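The sequence and structure come first.

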Amino acid sequence: MQTSSSAIGEPGQAGRVPWVVWAAVAATVSVVAGSVWDISWHVSIGRDTFWTPPHLLIQLCAAIGGLSAIVLIAEHSFRRGAGSRAGSVRLFGLRAPVGAFLCGWGALAMLTSAPFDNWWHEAYGLDVKVVSPPHVLLAVGAVAIVYGGFALAMAERNRAAAALESRIEGIFVALIGVAMLSSQAELIEYSSKSLMHSAIFYRASAIPFPLQLALVRRLAGRRWACLSAAAVYTLAALAQEWILPLFPAEQKLGPVLQRVPYMAPIGFPLLMIAPAAVLDLAWRRIEPLGPWTQAAASGVLFLAAFAAVQWPFADFLMTRLARNWIFGSHYQFYMVSPLSPAARYQFVAADPSLAGFWRGMAIAAGTAVLTSRIGLAIGRWLRSVQR
Amino acid sequence: MGGSSTSRALLVLLAALAAGSQPLRAHVGSPDVYFEGAAGPYPLLVVVRMPRVIPGIADIELRSPSEELRSLRVTPVLLRGPGSELSPAPDTAQRAVDERGLYRAQLWLMQRGAWKLKIAADGALGSGELAVPVGAVSTMPRRMTGALEALLLLLAAVLVGGAIGIAGAAAREGSLAPGCEPTPALVRRSRRVMLAAAAIVLGAVGVGSLWWREAADRAARAVYRVPQLQAAFLPPRSISVVLAPPRVEPWAERDGLTGLVPDHGHVMHLFLVRDPGMDVLVHVHPTQDGGRFVEELPSMPGGRYRVFADVVYGTGFPETQVGELALPEDVVSGLPVGDDSLATSLPLVAGPLTGDAPLAAGARMVWVDPPDRLRANEPIRLTFRVVGRDGRLVEDLEPYLGMAGHLVVVRADWKVFAHVHPAGTAPMAAVELANGDRIPAHAGHAHPRAEITFPYGFPQPGHYRLFVQIRRAGRVETAVFDVQAT
């Protein structure tokens, strides 16, 4: 039986979504779910081993990426006949779709990070922070697998007939929404509600989200691409906000500054719905412009729309009305002191002065423009990839 | 990449070593904690093997002869300050299969500073608790070994080459419809893309390398260095000691290195040991006078002395500071008074002191069952008996600094100095802070039993001199023994 990806030159079999698309879905969902769960584990229980369930999910992503790469490389490199060569690119004597090499690279990077991380802990101590060189290597590997999956899916979609093309595109838009949840998780040190009236929060948000929204806007043809992705992100974020605290947790790592008997979720979804809708609405005007102008417009619109809604919403999050299971303002992390502003529903003035705040917001705008440009470029490439 | 940054970290440390300070821990060179006490009705010997770097995992060994003991649960908690009130979930120690009565557990120490290990015992005789104070510091970071370094460098090369190659392949053929061949223009474009990718990837590697170097430097700065005190002779017969200033050290997680806590009525226990023979030991208790500690010395021979000052900070963190003192000539003074003591013996070069140590009034101290082979890091109970001419235990032992005896352990090359009590290596001030009202039994009796046991483990192989100090008839007496650990 030939799978769609090896039936090169022919459009995907009528109506059937190729297996690589589902592999991309599985890899993306497992790494995002694993990352969110892992962060919740670290801020609620504190201690873990290599084999905890969240780690297994992350390792599953590496396994899916690596196995898909091996299967695709083997199929395309060693099958006889012209058909196999046509739908692949050549690298170091091997042949496979670009996405397959990306997935293989990502799996290797994730594998390499394991002994590296182990040595890092023995030399410099167990991590207290999320971001260390071995963790960055792991994240880069996971991103490579996710985007490798996107490339495989898009290669299928770009060659597929209209109905299948639309289905794959729809799956992809949803996956971007899932990826936006991992962006919120990675930003956990900067996305406390106490920081939502400071420039640092917007500077941090301007790194991943404009890129993802610009990417999906550039790639997808449908009218409400960004809004759909943002809606999926919002649903996924609400799911973790409502489901995680249902599970009990016991702190296993000191120092413990507060008792937290539940698995703490990472926070109510950021209101990405607003900038997403604005981007979709403005796209018709923006699309005919040059890429840097597109980026400038998208970046600035993103920041303005996001700040306009998130700022007043942060006020609401600080009130008593938000301290319930729906909005989750009352959830705490055990290593945060009960006397800290975050625990006392107070904003932190992280900017040294008003001028400092506006300078920070200007940097946020610049960052959003830059990351939008990168997102547009990736979107354009994914639009064009055929192998 | 990594090798050069760890080499640099090592150079920083070697520089520190050359400057005279040693990257060792409190007690100087004796990092593991030995403690003997009881959790309720269950006697316990506790050994804590500290990790090389904090945050890290310590291994705890708990030994109890009690047959009725059913379970031991351990929890590490900060000794003082925020984080000391709430405990994480306890870990149940696992029974060892290789040794009877031995339980093992692992403790996650996430912060440098003073901790207490809460031990909860349960069994047929009921339940009991014991807290062991522990000072957590980092020592030398580990250097990446050859095999791992080679493997990671190889993988890094594959990843870098792979990234550049994938970028080129994507640019050359990725957007071509299946079946087409790349045009020369596309091939040229792919070469430009590969160059750009190479710049980006190698730039990322460079940034990563700088980041690694910064982490290595930070870890090297966080290594605990034994502080140097300043000791000066004030003619005709006094000594002044100024401790290294209690600024916020990079190795400490917090401020709080201020305010010394008295240990049995004395804020500082000062030991002077003559260099190189170790033939004179002076143990005095200077009093604080402004920013320095002063004390009148007893009559003692001149010469070069190594100085060790034991203190306990308000957070419960114990520390030994080291220094040197030169006495140009013999000090003419009185006999040691109160808790102060002076001891003389044969110098190291005269040969190891084995056998019984002579004491006043015909008594002698006997080391009970000294092992034939003393292995480094093996927990051992050093037992000494004070016997009279008739060979029976004397009955006139008095408490010295609140306990039956004190042991001072010094390695011949000065790299190890430990001050051990019958309860173990923890200073009593820290033990009191850790246990609050439930102070484990220590000699408050009028006449402690003349058989004294110290739990200890020699941290490194080498030649050690042991000084055992007791009090009889109002005077402190010292017995000296030499031992070799392998």
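Which residue forms a salt bridge with A:Glu156?

## A salt bridge within chain A

The partner is A:Arg159, and the closest N and O atoms of this salt bridge are 3.4 Å apart. The structure is a predicted model. A:Glu156 and A:Arg159 both belong to helix α5 (residues 133-159) of chain A, and because they are three residues apart there, about one helical turn separates them. Over all chains, the structure holds 28 salt bridges.

## The contact between chains A and B

Chain B contributes 47 residues to the contact and chain A contributes 52 residues. The area buried between chain B and chain A is about 4,100 Å², with carbon and sulfur atoms giving 70% of that area. On the chain B side, the residues that lose the most area to chain A are B:Trp108, B:Leu159 and B:Ile166, which together make up 15% of what that side buries.

Side chains of opposite charge can pair when their charged atoms come close. Between chain B and chain A the count is three salt bridges. A salt bridge joins the side chains of B:Asp91 and A:Arg47, at 2.8 Å from N to O.

## Helix α4 of chain A against helix α2 of chain B

Helix α4 (residues 98-124) of chain A and α2(B) cross at roughly 160°, and their axes come within 10 Å. With an angle over 145 degrees counting as roughly antiparallel, α4(A) and α2(B) are therefore roughly antiparallel to each other. Their crossing is left-handed.

From α4(A), the residues that meet α2(B) include A:Phe101, A:Trp105, A:Phe116 and A:Trp119. Among those of α2(B) are B:Leu152, B:Leu155, B:Leu159 and B:Ile166. By class, the contact of α4(A) with α2(B) has 17 nonpolar and three polar residues, and no charged residues.

## Helices α2 and α3 of chain B

Within chain B, helix α2 (residues 146-174) packs against helix α3 (residues 184-221) at an angle of about 150°, and the two axes are 8 Å apart. The helices α2(B) and α3(B) are therefore roughly antiparallel to each other. The crossing in which α2(B) passes α3(B) is right-handed.

On α2(B), the contact residues include B:Val160, B:Ala163, B:Ala167 and B:Arg172. On α3(B), they include B:Leu186, B:Arg189, B:Val193, B:Met194 and B:Val205. The contact of α2(B) with α3(B) has, by class, 14 nonpolar, two polar and two charged residues. B:Ala163 is listed in the contact with α3(B) and also in the contact with α4(A).

How values were computed: Residues are numbered from 1 along each chain as its sequence is written. Chains are lettered from A and ligands numbered from 1 in the order in which they are written. This is a predicted model: local features need pLDDT of at least 70, side-chain atom pairs count only at pLDDT 80 or more; totals for chains, interfaces and linings use all residues. Side-chain values use heavy atoms; hydrogens and water are left out. Axes are lines fitted to C-alpha atoms, for helices over the stretch in contact, and angles run from 0 to 180 degrees between N-to-C directions. Helices (H or I, at least four residues) and strands (E, at least two) are DSSP runs, numbered from the N terminus. Angles under 35 degrees count as roughly parallel, over 145 as roughly antiparallel, 65 to 115 as roughly perpendicular and the rest as oblique. A crossing is left-handed if the near helix is turned anticlockwise from the far one by less than a right angle, and right-handed if clockwise. Contact means heavy atoms within 4.5 Å. Ala, Val, Leu, Ile, Met, Phe, Trp, Tyr, Cys and Pro count as nonpolar, Asp, Glu, Lys and Arg as charged, and the others, Gly among them, as polar. Buried area is the accessible area (1.4 Å probe) that two parts lose on being put together, summed over both. A salt bridge is a side-chain nitrogen of Lys or Arg within 4 Å of a carboxyl oxygen of Asp or Glu.
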